[in-house]
Amino acid sequence: MLPKKRKPTHPGEMLLKEFLEPMGINQTQFAKHLGWTYARLNEIINGRRGISAESALAFADAFKMEPEFWLNLQRDWDLWHARQDHKNIKSIEKAA
């Protein structure tokens, strides 16, 4: 269920606050571990880049978890933001 009053947590913030910081791993170390540039990881952490399927697989491998966790966070983020500007469309009636 998506929050209605507040935006969901971006997966990059979750990565930083719930994984990297508690483990004492900085962005540079983690980027090297993944074989990524610092810029790529930093853009995700700062919410300027989303989580792709490839990113989700990399994070899942690194933390021994399922990639769906990361993809679900991204889906919730994207859907919440899309709903902010969405104008409802009248439902279509079934032809008689």
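**Buried and exposed places**

Mentor: Let's begin with Q27, which counts as buried because its relative accessibility is 16%, below the 20% cut-off. Keep in mind that this is a predicted model.

Trainee: Okay, which helix does Q27 lie in?
Mentor: Q27 belongs to helix α2.

Trainee: And what is Q27 in contact with, leaving aside its neighbours within four places in sequence?
Mentor: With that exclusion, Q27 makes contact with Y38, L41, N42 and I45.

Trainee: How far is Q27 from I45, in sequence and in space?
Mentor: They are 18 residues apart in sequence, and their C-alpha atoms are 8.8 Å apart in space.

Trainee: Let's move to helix α3. Which of its residues are buried?
Mentor: Helix α3 covers residues 38-45, and its buried residues are R40, L41, N42, I44 and I45.

Trainee: What do those buried residues of α3 pack against?
Mentor: They pack against α1 (11-23), α2 (27-34) and α4.

Trainee: At what angle do α1 and α3 pack?
Mentor: The angle is about 100°, and the axes are 6 Å apart. So α1 is roughly perpendicular to α3.

Trainee: Which residues meet there?
Mentor: From α1 you have G12, E13, L15, L16 and L20, and they meet L41, I44 and I45 of α3. Sorted by class, this contact of α1 with α3 has 6 nonpolar, 1 polar and 1 charged residues.

Trainee: What happens just after α3?
Mentor: There you find G47, with a positive phi of about 75°.

Trainee: Which residue has a positive phi although it is not a glycine?
Mentor: K64 does, with a phi of about 55°. K64 sits in the loop between α4 and α5.

Trainee: Is K64 buried or exposed?
Mentor: K64 is exposed, with a relative accessible area of 79%.

Trainee: Now the helices on either side of that loop. How do α4 and α5 cross?
Mentor: Helix α4 (residues 53-63) and helix α5 (residues 67-85) have axes that come within 7 Å and cross at roughly 135°. The two are therefore oblique to each other, and their crossing is right-handed.

Trainee: Which residues make the contact?
Mentor: On the α4 side they are A53, A56, L57, F59, A60 and F63, and on the α5 side P67, W70 and L71. By class, the contact of α4 with α5 has 9 nonpolar residues, with no polar and no charged ones.

Trainee: I see F59 in that list. What else is F59 in contact with, beyond four places in sequence?
Mentor: Leaving aside neighbours within four places, F59 is in contact with L15, F30, L34, W36, L41, I44, I51, M65 and W70.

Trainee: Which residues of the largest nonpolar core touch the most other members?
Mentor: That core has 19 residues, and the ones touching the most other members are L15, F30, L41, F59, F63 and W70. The elements giving two or more residues to this core are α1, α2, α3, α4 and α5. The most comes from α1, which gives 5 residues.

Trainee: What does S55 touch, not counting residues up to four places away in sequence?
Mentor: On that count, S55 touches W36, R40 and I44.

Trainee: And E54, is that one buried or exposed?
Mentor: E54 is also found in helix α4, and at 52% relative accessibility E54 counts as exposed.

Trainee: Last one: how far apart are E54 and H10?
Mentor: In sequence, E54 and H10 are 44 residues apart, and in space they are 17 Å apart, C-alpha to C-alpha.

Notes. Residues are numbered from 1 along each chain as its sequence is written. This is a predicted model: local features need pLDDT of at least 70, side-chain atom pairs count only at pLDDT 80 or more; totals for chains, interfaces and linings use all residues. Side-chain values use heavy atoms; hydrogens and water are left out. Axes are lines fitted to C-alpha atoms, for helices over the stretch in contact, and angles run from 0 to 180 degrees between N-to-C directions. Helices (H or I, at least four residues) and strands (E, at least two) are DSSP runs, numbered from the N terminus. Angles under 35 degrees count as roughly parallel, over 145 as roughly antiparallel, 65 to 115 as roughly perpendicular and the rest as oblique. A crossing is left-handed if the near helix is turned anticlockwise from the far one by less than a right angle, and right-handed if clockwise. Contact means heavy atoms within 4.5 Å. Ala, Val, Leu, Ile, Met, Phe, Trp, Tyr, Cys and Pro count as nonpolar, Asp, Glu, Lys and Arg as charged, and the others, Gly among them, as polar. Buried means under 20% relative accessible area, exposed over 50%, partly exposed in between (1.4 Å probe, protein chains only). A nonpolar core is a set of buried Ala, Val, Leu, Ile, Met, Phe, Trp, Tyr and Cys residues joined through side-chain atoms within 4.5 Å.
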